[in-house]
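Please find below a colleague's note on the structure. The points are set out element by element.

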Amino acid sequence: MFWLWFAGTSSLISVGVGATLFVLGLSLRQLLVATLFGVALSFLPLGLGTLAGKWSGQPTLVVSRATFGLRGNLLPTVIALVVKLFWGSVLLWLAGSAAGSLTEAEGWPGNAVAATVAALAVTIVVAVVVAYIGYALVARVQLVLTIASAVLIVLMIMATWQHVDLSRALDAPDALWTHVVTGAVLVLSYVGLAWAMSSAEVARYQRPLSSGGAAMLWATFGAGVPPFVLVSYGGLLAASNPGWAADLAQDPVGALVGLGLPGWYPVPLLLAVGLSLISALVLALYSTGFTIDALGVRLGRRWSTLVAGAAIAIAGGVLAATVTDLSSVIRGVPTALSVPVAAWVGVFSGR
């Protein structure tokens with residue numbers, strides 16, 4: 001469970017989420033509190049979904065039928081499908097945007113548009129192939145990507161640590177502490193509620209007699225640690241240079257390159273962003289296939305995965321052509337989508 005979740009939530013894009021919290025007015029200490037509470041609250045939906053999947057051996061939106069009934073479950077399933085397609089398209093867009101930003105900033109052969117299109121194509125094809133084949137390949141790929149992601153996160157911190165000014169970061173004034181609630185909700189939406197309706201899909205293969213507590217712990221630990229580290233570090237970088245915070249919130253990859261990083265780092269940076277986004281997209285596609293089936297569409301999980309991949313490819317391409325600001329995406333739609341998801345989590349958990 002740790003390997004399955006760590007790589008999927010270890011995207012360096014989380015650095016931009018931390019910068020967004022700082023741009024919203026939170027001080028570094030408030031930002032850390034909001035991130036801690038947001039990640040901690042994410043443990044509930046992820047953990048309970050993991051436990052339900054292990055006990056039942058069924059995907060999340062099939063288990064949900066026990067709470068809402070066969071017909072009553074259609075509305076949560078539609079909501080889940082919208083959430084998963086949205087996040088899948090965002091992940092795909094971010095992969096293309098990162099490649100385009102690096103190509104432009106580093107002066108690599110070609111142009112930003114060509115690099116973006118190529119990254120979109122490679123990312124969706126790789127993710128669809130892995131998700132289509134199924135759990136056996138997903139588990140092995142996530143193991144490799146977890147190790148790679150951990151190494152690349154360490155490299156990112158090493159390459160940017162010289163730009164951290166702890167005394168200046170701590171001098172940032174506090175906002176009203178009610179703003180911390182807003183920050184915590186944003187982190188909860190980005191971490192816990194984004195994956196709340198997907199947690200049983202990978203837990204359903206756990207041994208029925210294995211420890212449910214251990215499965216919950218390792219799933220939430222794997223899903224929660226990378227975002228906490230990266231969001232917090234993004235806030236630290238933003239607070240160290242407030243004039244640079246807006247750029248980091250809008251385009252974290254381009255902003256990191258703009259720091260004047262070592263000449264060897266752009267390629268590891270592209271790998272760090274690309275591999276983690278592919279990992280998350282694999283989970284999103286794999287889960288979406290089950291969600292389409294839970295609606296009663298009799299395609300089978302593999303064909304449903306292909307349908308989901310086509311929809312995400314179209315939506316991701318539209319985002320790549322129309323959106324350039326990460327902060328506008330993570331501050332708007334995810335928070336709105338998190339409201340019905342949170343309601344579902346409350347009813348599902350209580351029953």
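1. How many of the 10 residues of helix H2 are buried? Nine of them are, so helix H2 (residues 14–23) is mostly covered, where buried means under 20% relative accessible area with a 1.4 Å probe and protein chains only. The buried residues are Ser 14, Val 15, Gly 16, Val 17, Gly 18, Ala 19, Thr 20, Leu 21 and Phe 22. Just after H2, Gly 25 has a positive phi of about 115°. Helices here are DSSP runs of H or I, at least four residues in length, numbered from the N terminus.

2. A word on the basis of these values. The model is predicted, and local features need pLDDT of at least 70, side-chain atom pairs count only at pLDDT 80 or more, while totals for chains, interfaces and linings use all residues. Residues are numbered from 1 along each chain as its sequence is written, and side-chain values use heavy atoms, with hydrogens and water left out.

3. Thr 9 sits in the loop between helix H1 (2–6) and H2. Thr 9 counts as buried because its relative accessibility is 8%. A polar atom of the Thr 9 side chain lies 3.2 Å from the backbone oxygen of Trp 5. Beyond its neighbours within four places in sequence, Thr 9 is in contact (heavy atoms within 4.5 Å) with Ser 14, Trp 195, Gly 222, Ala 223, Pro 226 and Pro 227.

4. Helix H15 (residues 266–294) has 29 residues, which at 1.5 Å a residue should span 42 Å; the expected span is 1.5 Å times one less than the number of residues. The end C-alpha atoms of H15 are 42 Å apart, in agreement. Because 24 of its 29 residues are buried, H15 is largely enclosed by the rest of the structure. Gly 296, which follows H15, has a positive phi near 100°.

5. H15 packs against helix H16 (residues 301–322) at an angle of about 120°, with the axes 8 Å apart. The two helices are therefore oblique to each other, a class left over once angles under 35 degrees (roughly parallel), over 145 (roughly antiparallel) and 65 to 115 (roughly perpendicular) are set aside. Residues making the contact include Leu 281, Leu 285 and Tyr 286 of H15 and Arg 301, Ser 304 and Thr 305 of H16.

6. Glu 104 lies in helix H6 (residues 74–106). Is Glu 104 buried or exposed? Glu 104 is exposed (over 50%), because its relative accessible area is 62%. The C-alpha atoms of Glu 104 and Gln 250 are separated by 16 Å, the two residues being 146 residues apart along the chain.

Definitions and conventions
A polar contact is a pair of N or O atoms within 3.5 Å; within protein, one must be able to donate a hydrogen and the other to accept it, and residues adjacent in sequence count only if both atoms are side-chain atoms. Axes are lines fitted to C-alpha atoms, for helices over the stretch in contact, and angles run from 0 to 180 degrees between N-to-C directions.
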